[in-house]
Amino acid sequence: MARVGGAALKTAGLALVLAVACALPFAMSGFRVFQFTQVLIYAIAILGLNMLTGFNGQISLGHGAFYGIGAYTTAIMIDKWNIGYGWTIPVAAAVCLVVGFLFGRPALRLEGLYLALATFALALAVPQILKYFEHWTGGSQGIVLSKPKAPWGLPLNEDQWLYFVTLGVLIVLFILASNLLSGRTGRAIKAIRDNHIAAEAMGVNSALYKSVVFGVSAAYTGVAGALSGIAIAFVAPDTFDVFLSFTLLTGVVIGGLATISGAIFGALFVQFVPNWAQDISKAAPWAIFGIFLIVFMYVMPHGIAGFLRLLWIRMTRSAVMRGKAEGEVQ
Amino acid sequence: MDIFIQQVVSGLATGGIYASLALALVMIYQATDVVNFAQGSMAMFSTYLCWSLLQAGLPYWVAFVATLVIAFAGGILIERVVIRPVENAPILSIVIVTIGLLVILVSVAGWIYSYIQKPFPSPFPNKPIKIGNIVFGAHDLGAIGITLVVLLLLFLFFRYTTLGLAMRAAAQNPTSSRLCGIRVGWMLALGWGLAATFGAVAGMIVAPVVFLDPNMMGGIQIYAFAAATVGGFTSPLGAVVGGFLVGVTENLVGTYVSFIGTELKMTVALAMIIIVLLVKPSGLFGRSFVRRV
């Protein structure tokens, strides 16, 4: 009985969140809508990183690089070849999938810390590489785009339209991720994280899984980058520096390692906390990020999502226990 | 040929800086199996402290030594307070904690000292030294000298003192060392203190060249990673040789391979790290371990 109630409650909760998410852009000013679009974009990128780091146990300190590659793929396609906005997003995903897979291939041989080192170096190298190919990327000046208008005469302004496009992409990607990470594939991915030798002994092709997860994770982050390029209507190499990678990592940790819903909490955190902190000092956001990173590792290693799950289990369990106790009395 | 020798010497000078920082990384790695991503920002912070001491009017070498002492104490404090709670946690947790430390140090330095670049004095004369036809920067030669002195002191400490022996024992076999009465926890903390000291040396030598700025160690840390990877994370000697090798390679590639120049420096470091990890993951001097399942 309690189980059915739990599932129904979960569906109701999801429906409520979705309804609020759809109503949001009509209740707020343009700038707020833009900020929430950014939250959705971060959530996609954070989910991508979490697949790799949280679920598969491969530490990446360089996902900002894939975010940048996605953004530049979109920007160059629109700027140089005048291709429709919608088409650039799957291309950005495909480019990042391939780059991620190719980077993940040699990374197979790098365990834990070495992968962290290599990806850290990647994060530092990418802005320089972007500046170097000036002919394509516009060098340090970056590329300026224009925001797309809502098609088919929809009564939405540019910010609202982008918000709904991003929300649509997010829903599709979250459903795909939740399917990928549950069942047989998901178990294999987590088994590699927990003990890759045992996983291999059980017949899991660890090398293939790891590089595919790397590719998919990079593709998610690339899609987020592409959407952010369109939403901000500007890309520049220095916005994709190593601190972007740290931002995504902070989102993963705060939201909850190895949780899907955590991506939303993490994205809300990395989007809004710096805004408030900026009032204290220009340096404050990163001091706060750093303190949260360390404190969460000590006291809440599974982040906000993990904490809520624990709370939920405690509550339902105590309810079940009380029910049992009453039954015994009767 | 003259240009070649000049470039090699200036490569050795930057190599010395990479070597000091790589040595700091290797010391911590050997003792605790942790790569300290905050090593560079700890060095940056120490250098800012030295700048404050100099502003207060202390002579250079007094400030230099005082900074080393403060960095040593700071390193121990960080190990005790920040790292100890996650000592036995998975690698991911420790990496995240050191990243947290990195961003805190960078932002606090920016908060206190602002993000504007500051000049930092060199203890060596400004005029170049001429040997034959070749001109050497005095700071370059001084940097090489300081690095070598530090390395010699470190070698003597680990080779000939009881404390050094205890530290090596604690790193190699914590359980047996504990049975011998070595306080392993404190040995690890000492290791962090020493590593912070080397970082401070590297920071103070490099600051006159790159100017003082909260992000000044970012690129240098990547090169130190490359140095430690080339030499092998398990070998202090390797870290030193790796540091000099990487420094010289960086300079020669920058001079002679025209399409790289200074614009793709990070990519060179990235390529070095990946190539070494693929070809010989244990590095030139490292040992590889067989793990029991």
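User: How many helices and strands does chain B have, and in which order do the elements run from the N terminus on?

Analyst: In this predicted model, chain B has eleven helices and two strands. From the N terminus on, the order is α-α-α-α-β-β-α-α-α-α-α-α-α.

User: What makes the radius of gyration of chain B agree with that of a compact globule?

Analyst: For 293 residues, a compact globule would have a radius of gyration near 19 Å; chain B has 19 Å, so the value agrees with the rule. The C-alpha trace of chain B spans about 60 × 50 × 35 Å along its principal axes.

User: What percentage of the residues in chain B is buried?

Analyst: Buried residues are 50% of the 293 in chain B. As for contacts with a separation of 6 or more, 74% of those in chain B are between residues 24 or more positions apart.

User: Why is B:Met42 called buried?

Analyst: The label requires 20 or more other C-beta atoms within 10 Å. B:Met42 has 27 within that distance, so B:Met42 is buried. This residue lies in helix 2 of chain B, residues 39–55.

User: Which residues is B:Met42 in contact with, leaving aside its neighbours within four places in sequence?

Analyst: B:Met42 is in contact with B:Leu105, B:Ala196 and B:Gly199; the criterion is C-beta atoms within 7 Å.

User: How far apart are B:Met42 and B:Gly110 in sequence and in space?

Analyst: B:Met42 and B:Gly110 are separated by 68 residues in sequence and by 13 Å in space, C-alpha to C-alpha.

Technical notes: Residues are numbered from 1 along each chain as its sequence is written. Chains are lettered from A and ligands numbered from 1 in the order in which they are written. This is a predicted model: local features need pLDDT of at least 70, side-chain atom pairs count only at pLDDT 80 or more; totals for chains, interfaces and linings use all residues. Helices (H or I, at least four residues) and strands (E, at least two) are DSSP runs, numbered from the N terminus. A residue is buried if 20 or more other C-beta atoms lie within 10 Å of its own, exposed if 12 or fewer, and partly exposed in between; C-beta atoms are placed from the backbone. Two residues are in contact if their C-beta atoms, placed from the backbone, lie within 7 Å. The radius of gyration is taken over C-alpha atoms; the globule rule is 2.2 Å times the number of residues to the power 0.38.
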